[in-house]
Each structure stands twice: as C-alpha cells, then as structure tokens.
Amino acid sequence: MYSGLDTTKFIFRGFLPRENKERSPVIEEIKDSRDTIILYEAPHRIIDTLEYLLNNLGDRNIAVCRELTKLHEEICRGTISSVLKHFTDNRPRGEFVLVIEGKSEKEIQAEKEAVWIDLTIEEHLIKLIESGIDKKDAIKLVAKERNLPKKEVYKYSTEL
C-alpha cells in the first residue's frame, strides 16, 4: 500500500540485468501487462534504470521506495519522469524497490486504435481478412473496434 498503486495483481522481476541487450527481453515480456510491475534497484543504477524505463514503458506512474522498513525509509511517488528528476537532483542512496503501474486500459485501446485509425473501413477489413480472420468475424471485429453497427460495416464488405 506504500506505493499508492494497485497491487492486487503484480509481476515481480527482482533486479533487471545491467546490459540493455539483456534488459530488453525482460521489458518486452512485461511492458504490455496490466499488472503492477515490481523491481529492485541499487543506488548507483537507479537513474540509468529510470531513464531506460521511461524510454521503454512511457511516462507511467511509479513509486520508488527507498530503504523500506529502515530508519531512512522514503517513498517517492509520481510519473517516471518526475521521479527521475528527483533522483537526478538528489543523490540516490540505499536500496530501492520500484513499483510501476501496469499498462492502462486507455493505453491499450489507443494502441489498438492506432493500428487502424488511418485505414478506411474497407482497408481495415482487408487487413484482418489477410491476417487469416474469416470475413464474418472480421466484420464483427471492425464493428466492435470502431464502435459501429455490424450492418454499417457489412455494407463495405460486399465487394471484398
């Protein structure tokens, strides 16, 4: 509860690898998760890790917890960019636990929409059909994604 983020479901990954080539697969594996992500980090790597997370996850909400259950316990909450600024301005000390917000429903919807936003309804249907979805299911999916009645989408599919 210290983090202020939902920890009903979470992914715990411990320390991220030091090298970007080893970190990338770990981040790729967890970046689309809706679950909260929990990581450990050392003080000499916290700024580098926050920069890496910002570049690869976006500016999500985060709680950086320092020295939990100890005398100098500190919780820094905000976006990744604001917490990064805090630790750039204030020398990081102690061991850290990073609690990162999972991908929001709004982000997921925006990414789905970005795939077809520049497509006409016909192009959207063709893309789905070419990917192996049958025509009837493609019509349903386009109608759902675009929030249109199936009858409306069906009109565009008659010539396909």
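A residue is called buried here if its relative accessible area is under 20%, exposed if over 50%, and partly exposed in between (1.4 Å probe, protein chains only). The structure is a predicted model, in which local features need pLDDT of at least 70 and side-chain atom pairs count only at pLDDT 80 or more, while totals for chains, interfaces and linings use all residues. Residues are numbered from 1 along each chain as its sequence is written, and side-chain values use heavy atoms, with hydrogens and water left out.

Helices (H or I, at least four residues) and strands (E, at least two) are DSSP runs, numbered from the N terminus. Of the six residues of β2, five are buried, so this strand is largely enclosed by the rest of the structure. Two strands are said to pair if DSSP finds at least two bridges between them. By this criterion β2 pairs with β1 in the parallel sense, over five bridges, and G14 stands opposite L39 of β2. To pass from β1 to β2 the chain goes through α1, and this β-α-β crossover is right-handed (with the strands pointing away from the viewer, the path from the first strand over the helix to the second runs clockwise). Strand β2 is also joined to β5 by five bridges, here in the antiparallel sense. L39 stands opposite L98 in β5.

The aromatic side chains come next. A pair of aromatic rings is described by the distance of the centres and the angle of the planes. Rings of Phe, Tyr and Trp (its six-membered ring) pair if their centres lie within 6.5 Å; planes under 30 degrees apart count as stacked, over 60 as edge-to-face and the rest as tilted. Three such pairs are found in the whole structure. In one of them, F12 and Y40 have ring centres 5.1 Å apart and planes at 75°, so the arrangement is edge-to-face. Because F12 belongs to strand β1 (residues 10-15) and Y40 to strand β2 (residues 36-41), the pair ties together parts that are 28 residues apart in sequence. F12, F15 and Y40 together form one aromatic cluster. Another ring, that of Y52, has R23 over its face, at 4.6 Å from the ring centre (a charge sits over a ring if NZ of Lys or CZ of Arg is within 6 Å of the ring centre and within 35 degrees of the ring normal).

The interior can be described through its nonpolar cores. A nonpolar core is a set of buried Ala, Val, Leu, Ile, Met, Phe, Trp, Tyr and Cys residues joined through side-chain atoms within 4.5 Å. The largest one has 22 residues, of which L50, L53, I62, V64, L98 and I100 touch the most other members. At least two residues of this core come from each of α1 (20-30), β2, α2 (46-57), β3 (61-66), α3 (80-89) and β5 (96-100). Helix α2 gives the most, with five residues. Apart from this core lies another, of eight residues, including I121, A138, I139 and V153.

Contact means heavy atoms within 4.5 Å. Leaving aside neighbours within four places in sequence, I62 is in contact with residues that include L5, L50, C76, I80, V83, L98 and I100.

Most residues other than glycine have a negative phi, and most peptide bonds are trans. E67, in the loop between β3 and β4 (74-79), has a positive phi near 50°. E67 counts as buried, at 17% relative accessibility. N147 also has a positive phi, near 55°, and is found in the loop between α6 (135-146) and α7 (150-157). N147 is exposed, with a relative accessible area of 70%.

I133 is partly exposed, at 27% relative accessibility. From P43, I133 is 90 residues away in sequence and 49 Å away in space, C-alpha to C-alpha.
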